[in-house]
Each structure stands twice: as C-alpha cells, then as structure tokens.
Amino acid sequence: MGTYEDHEDRRGEPEEGPTTSTIYDREHGANKRICYFYDNDYAGMYYGADHPMKPPRIAMTHSLVVGYGLHEKMDVYRPRRAQREELVRWHSEDYVNTLRSTTPEAFKHSLPHGTYAKYGLDEDCPIFPGMFDFCRLYSGASIEGAAKLNSGQYDVAINWAGGLHHAKKASSSGFCYINDCVLAILEMLKYHARVLYIDIDIHHGDGVEEAFYCTDRVMTLSTHLYRPEWFFPGTGSLAEIGEGQGRGYSVNVPLVEGCTDDDFMFMFKPILERIMDVFKPSAICLQCGADGLVGDRLGTFNMTVQGHAAAVEFVKSFNVPMLVLGGGGYTKTNVARAWTLGTAAIVDEDPDNELPESKFRDFFGPDNSLRYNPPARFQDLNTKEELLGIRRTILDNLKQLYSAPGADLDVHPPDAFIPHANDPDNEEIVHNRLTQYALGHFVQYLRCVEGGYADPWTNL
C-alpha cells in the first residue's frame, strides 16, 4: 500500500474539533523525568521449552539499554514485589491464592484438564518455578511506576516486564497471570479523573477492556489483528464500544494481516488525536506489545522496529504523564530491538545502528544492527477503502462524546467501581448487548462450566 496522508478525511471535508495543540503543549516536551524498572531475576524465568513466551527478552532489552548508555538518562529502580492486598484489588482472592500455592508438580499432574482448568491454567499458562514471584515483580513495578507518576516525581515510568493485558479477574489467559495494566490504572485513578489505556499489541487488549467496560473514567484504545475465527483472543470488534456509563469509551481498531507502518499510523494518529481532544486524559498507560513486528513467531503484521518506536514517540508527544509497559513479542531479538528504540525515543536519544557489546550480542546475528527488520512474510490485506471506513466509524463514534467526564477526587475511588447504567436504550437491549459481549470474552470459562471444571456461580 502507498503512504497515506495522516489527517486527510478523504471525503473532501476537514476533520472537526479542536486540534490537540490547543490542549496539550506538544512543543515543549524535553527534559522529562524518567524512571525505569528492571530485575535480574527476569533472565531466569522459564515458561517451558516449547513455550513462545520468553522472559529473557527483558534481559536482552536491558543489556541494550545499558550498552547504549540510555540508563544514564533515567533513574533505574529494582521493582518491589506486589503484595497480596494489591493483587486482590482487582483479581479474586481465590485465584490469587491458587497462583501462590500451586506447585509445578501439582499442576503437571492435573493436565490436560482438572483442578486448575477453571483458573485458565493450562499449557498456554503453565505453573513454572518462580511464576508467582515473576507476577509479583512485574506487577509491583507497574504499580510503583503509577505511584511515582501520581506523586509528580516522574513524567514517564518504564516497565518492559509489564503489559500482561489478557489476564482476567479470576483466571489467566494468553500467557498472562496477573493483569498489571489494570492494577496500575487503578492506582492512577486515585489521583487522575481520566486515564487513557493504549494497546499496540497485535492481540486485542481484552482483559483491560473488560475491567473498565462500564466506566467513563478509563478509555481503552486497542489496535490489533481481528480474525475471530482463528486468532486469539477473537475479540475487539468495531462494535465493542462499552456499556452503561462506559458506552463510547472502548475504542477498537480491528486490522488484518500484513499491517505496515503506514497502515498503522494512518489509523493511530488521527484516532488518538481525536481521543485526546475529547477525553482529555491526565495520565496514559501505554502497552507496547511487540508481536506486530515483521518476523514475529506468532504475529502476522509487517511493522518495523522503527515504526513501533514512532508510535511510542507519538504518544509521548502529548506530554501527559505516561506509564510505558511491555507486552507480547515472540521473536526475542525483535522485541529487544523495538523496546530499546522505544526507550531511546522516550529519553530523546538516537543510538548508533551498530549493537553494543553484551553477553547477548551473538543472539542478534547475522545482522548485528539495531534497526534490522527481517523480510515481510505476509501480504498486506488492509485495503485503503476498508481502513478509511473503520477510521470514519471510530471518529464518528468519538463525536458522540461531547465532553470529558469528571470525578470527585477528594476521596479515593472504591476498590470495585460499578457505575449505574446511564444509557438511552432500554434495559433489555443493554442486557442483550452485554450477554453477547460476555459470550465472546469469556469463552474459556464457559467451556470449563460446560465441562464440569468450574462452578458457574463462583469466581465471576
């Protein structure tokens, strides 16, 4: 596909609404105060020999960050472990207790179905040695990063180990156990009336969307591959826009195979600018899954490491306090390159293309360059007409949000925020929509109920 004009409506009419330059100072974003979280224990975490999730990619990223001297532009912290009380602010107590107490041996003997099926613990989400400690580390870093943003100590907090966006309230999903994105956003909501969650992973950010589907205090924006017949998690259609007070505050950008940098930015820039105009968030949580990169083991997009970093830099340009998290990404060297370039964009550095010396350098061969992208494997099936139609629908939906919602922050929000519905449709229509949403989003749990592995009246 050819290069698109980022802000042209293509219908002969200019985009309506104020420009973001009238709301956010995008010209004076230098000298940001940045903190960065890392723990050496990540290098030893191991899902299993044949499992695509490889936590050592975080160590590989860190080696490049240090090798390029990017850490000198940030305050580096070793993350604290999240406490049980923090984890159960959203996750169910029974689920957290199961993660804490289950041994790899007990889990192995329960396969393929059994005691742990209702918690989503299976070959995709195995119990491995140190798993719960891993969850506490990456979650603690995300929560602490959010707290440091809340205090005004930093403008940006980076936790590449976080971003595990699929985990549900009472079950694991998609290689994710604890949803640190949700926990960090709950922390942000203590001090921010409105938080924007942005997800550029190739997989739909379903766990985060579900957590905030009925509130207007969190807007979720997810750009992802949408092929429900075969691609996980099968959710994130254009029609999923929220319910109750949250109707209109879930934004999904469904794409298909072969998405390029031009495709992505053609959609991402004008949609995000409209969201910033309408929603006016005072904090952002950015999930930077790198499985949309060309050559990913599981993904089918054709994005480059440069394009991925450009998306991070564009979000940064709004100069809103920002928590930056990792996410998916299953070709380790691609992930390390992308997250290093993302870090460089945040600290306003332009690192050399030649990779620095490190203990992981041999893994990056034969091309030991930072901006290396393997050849594209998938044809770009995103047509100009389809992208324009999706973008037009999203922008039209956002026009329905007339003003940014407010919140009384004299007191902390409750642990569970369940708003009263404020919808012009009658209760039966809303109920039917939520039923369809639940059927699509809780397929695994419903299968466990049907198979007799879960009680339908618990852990919901």
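## A helix to start with

Let's begin with helix H5, residues 131-150. At 1.5 Å a residue, its 20 residues should span 28 Å, and the end C-alpha atoms are 29 Å apart, which agrees. The expected span is 1.5 Å times one less than the number of residues. Helices (H or I, at least four residues) and strands (E, at least two) are DSSP runs, numbered from the N terminus.

H5 is mostly covered, with 16 of its 20 residues buried. Here buried means under 20% relative accessible area, exposed means over 50%, and partly exposed is in between (1.4 Å probe, protein chains only). After H5 comes Gly152, whose phi is positive, near 80°.

## What you are looking at

This is a predicted model, in which local features need pLDDT of at least 70 and side-chain atom pairs count only at pLDDT 80 or more, while totals for chains, interfaces and linings use all residues. Residues are numbered from 1 along each chain as its sequence is written, and side-chain values use heavy atoms, leaving out hydrogens and water.

The protein chain holds 13 helices and 8 strands. Of its 460 residues, 58% are buried. Its accessible surface comes to about 19,100 Å², and carbon and sulfur atoms own 50% of that; the areas come from the Shrake-Rupley method with a 1.4 Å probe, and for residues only the protein chains shown count as cover. Among contacts (heavy atoms within 4.5 Å) with a separation of 6 or more, 80% are between residues 24 or more positions apart.

## Rings in pairs

How many aromatic pairs does a search of the whole structure find? The count is 18. Rings of Phe, Tyr and Trp (its six-membered ring) pair if their centres lie within 6.5 Å; planes under 30 degrees apart count as stacked, over 60 as edge-to-face and the rest as tilted. Take Tyr38 and Tyr42: their ring centres are 5.8 Å apart and their planes stand at 70°, so the pair is edge-to-face. Tyr38 and Tyr42 are both buried. Ring pairs also link Tyr38 and Tyr42 with Tyr47, Phe128, Phe134, Tyr138 and Tyr177 into a cluster.

Another pair is Trp230 and Phe231, with centres 5.8 Å apart and planes at 80°, so this one is edge-to-face. Trp230 is partly exposed, with a relative accessible area of 45%, whereas Phe231 is buried, at 6%.

## Charges over rings

Some rings have a charged residue over the face. Lys148 sits over Tyr77, 4.2 Å from the ring centre, and Arg391 sits over Phe266, 4.1 Å from the ring centre. The rule is that NZ of Lys or CZ of Arg must be within 6 Å of the ring centre and within 35 degrees of the ring normal.

## A helix that is enclosed

Now look at helix H6, residues 180-188. Because 9 of its 9 residues are buried, H6 is largely enclosed by the rest of the structure. The buried residues include Asp180, Cys181 and Glu187.

What caps the N-terminal end of H6? Asn179 does, through a side-chain oxygen 3.3 Å from the backbone nitrogen of Cys181.

## Two residues and their partners

Asn252 belongs to strand S6, residues 250-255. Is Asn252 buried or exposed? At 2% relative accessibility, Asn252 counts as buried. Its side chain makes a polar contact of 2.9 Å with the side chain of His204. A polar contact is a pair of N or O atoms within 3.5 Å; within protein, one must be able to donate a hydrogen and the other to accept it, and residues adjacent in sequence count only if both atoms are side-chain atoms. A polar atom of the Asn252 side chain also lies 3.0 Å from the backbone oxygen of Glu240.

Arg227 lies in the loop between strand S5 (218-225) and S6. Arg227 is partly exposed, at 22% relative accessibility. Arg227 and Val256 are 29 residues apart in sequence, with C-alpha atoms 7.0 Å apart in space. Leaving aside neighbours within four places in sequence, Arg227 is in contact with Val256, Glu257 and Leu381. The side chains of Arg227 and Glu257 are joined by a polar contact of 2.7 Å.
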